[in-house]
Amino acid sequence: MSGGAIPRLVIAAPSSGAGKTTVATGLMAAFAEAGLVVSPHKVGPDYIDPGYHSLATGRPGRNLDAYLCGPGRIAPLFLHGAAGADLALVEGVMGLFDGASQMGELSSTAQVAKLLRAPVVLVVDASSQSRSVAALVHGFASWDPEVRLAGVILNKVGSDRHEELLREAMESSGVPVLGALRRDGRAGTPSRHLGLVPVAERRAEAVESVAELAARVREGCDLEALLALARTVPELPDAPWDPAVELSVAEGVTAPQKPLIAVAGGPAFTFSYAEHAELLAAAGAEVAAFDPLRDEQLPPGTRGLVIGGGFPEMYAPDLSANAPLRAAVAALAASGAPVSAECAGLLYLSRSLDGKPMCGVLPAESRMTERLTLGYREAVALRDNALAAAGTRVRGHEFHRTVLEPGAGADPAWGLTHPERRVEGFVSGGVHASYLHVHWAAEPSLAGRLVASAARGAVARSSA
């Protein structure tokens, strides 16, 4: 079987809260436990669900976001992530047809399903309906004839009698029922202000939850029928995304040694796209992970730093207590080495977070609020910096309940152009810090530029 014909399914729902993550993660785990190599994917910018997907499959959870990366990159990114897999499962976002605000189907699950030529399995919350489920499914099946709605999984079914009524109603819909899951809170995953609690914060409990989800799915779903459906897909004509090819036109690394780029991880910094580390490595960097909660020093030889998103507000006292690492980060930034910080990283570089001292790299204070800032953004780099050349245009995503005062420095990281116009973030020396989450696969030059800057710094230090 060619790589383009990787068996695949999209797991969607009429709306958020229907149980997509429960069903998708359970299916991933059940098929993986059956011996299949399962490739997990998530529509949209979500960082948390892919952590559960990775736990279920043993492979990196990867995002497919047509707004951030463009529709033309969806199939190549999918083929890159699913290489060598027996089955790929794609969890949708929100409702099947919900996309970026005021942009039609862009970034919707339906659009991704069409780009991947993949059948859709609809997860329906059946808890408050019986015959109406058929009308609901009929509407979703007929709304866009280019979307192949090929099956339904009934979730939150109350009893044998309830399931009987639902299946009877669905007989007239023309869409087969491929599973029915009972109401069960045993395998629940706890939530808080930005969604599910990440796997890194509750790994032992998450392992148990995923195992329970797999058991429920095995009991309630027709795995053979789902796998047979996944195998009906056509071959995709696209070439897999290749970080080396993507970087071929970006600024390269000419230093005789590989600069070491340290990437923050651990429970406080869990938001990262798998392609970022792959791009850094393809650009010539040695990539080393570290945990700001536990490691008192940066990896030896660090020449650049990437601090992504996460939940630093949940760990502010512990991050603050690690004074040696805070000092090391501040010293690296003061040396002019490139530092890319997004959202949580921005807060970590500030003077304080909820009154707890942070790294003090940026002249700003940060704190938790009740207000959620959420949405896609378009932005442009206003001046040359260690991450982006002046004029570089990107699409990003904001997702936080914190505020930074001031919100921008004398040299802002980005000028936002849509949906509102304002400046945001900080550029200072080699530091680029912003609330904006950007997917580097859409603009590989960001990784190439950061690595090149780190390499130049390494050469300068070695010749000094």
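Is Arg-351 buried, exposed or partly exposed, and what is its relative accessible area? In this predicted model, Arg-351 is partly exposed, with a relative accessible area of 45%. Its side chain forms a salt bridge with that of Glu-365, at an N to O distance of 3.9 Å. The pair joins distant parts of the chain, 14 residues apart: Arg-351 lies in the loop between α14 (344-349) and β14 (352-353), and Glu-365 in strand β16 (residues 365-380). Glu-365 is likewise classed as partly exposed, at 32%.

Strand β16 also contributes Glu-378, whose partner Arg-395 belongs to strand β17 (residues 393-405), 17 residues apart. The side chains of Glu-378 and Arg-395 meet at 3.2 Å, N to O, and Arg-395 is partly exposed with a relative accessible area of 29%. In the whole structure, 21 salt bridges are found. One of them connects Lys-114 and Glu-105 at 2.8 Å; Glu-105 is partly exposed, at 34% relative accessibility.

Buried positions were examined in two helices. In helix α2 (residues 49-57), the buried residues are Asp-49, Pro-50, Tyr-52, His-53, Ala-56 and Thr-57. These residues lie on the same side of α2, because they cover an arc of only 155° around the axis.

Ala-333 is located in helix α13 (residues 323-334). Ala-333 is buried, because its relative accessible area is 12%, under the 20% cut-off. Beyond its neighbours within four places in sequence, Ala-333 contacts Val-339, Val-361 and Val-431.

Definitions and conventions
Residues numbered from 1 in each chain as written. Predicted model: local features only at pLDDT ≥ 70, side-chain atom pairs only at ≥ 80, totals over all residues. Heavy atoms only, no water. Buried < 20%, exposed > 50% of the residue type's maximum accessible area, 1.4 Å probe, protein only. Helix = DSSP H or I, 4+ residues; strand = E, 2+ residues; numbered from the N terminus. Arc of directions from axis to C-beta. Contact = heavy atoms within 4.5 Å. Salt bridge = Lys/Arg side-chain N within 4 Å of Asp/Glu carboxyl O.
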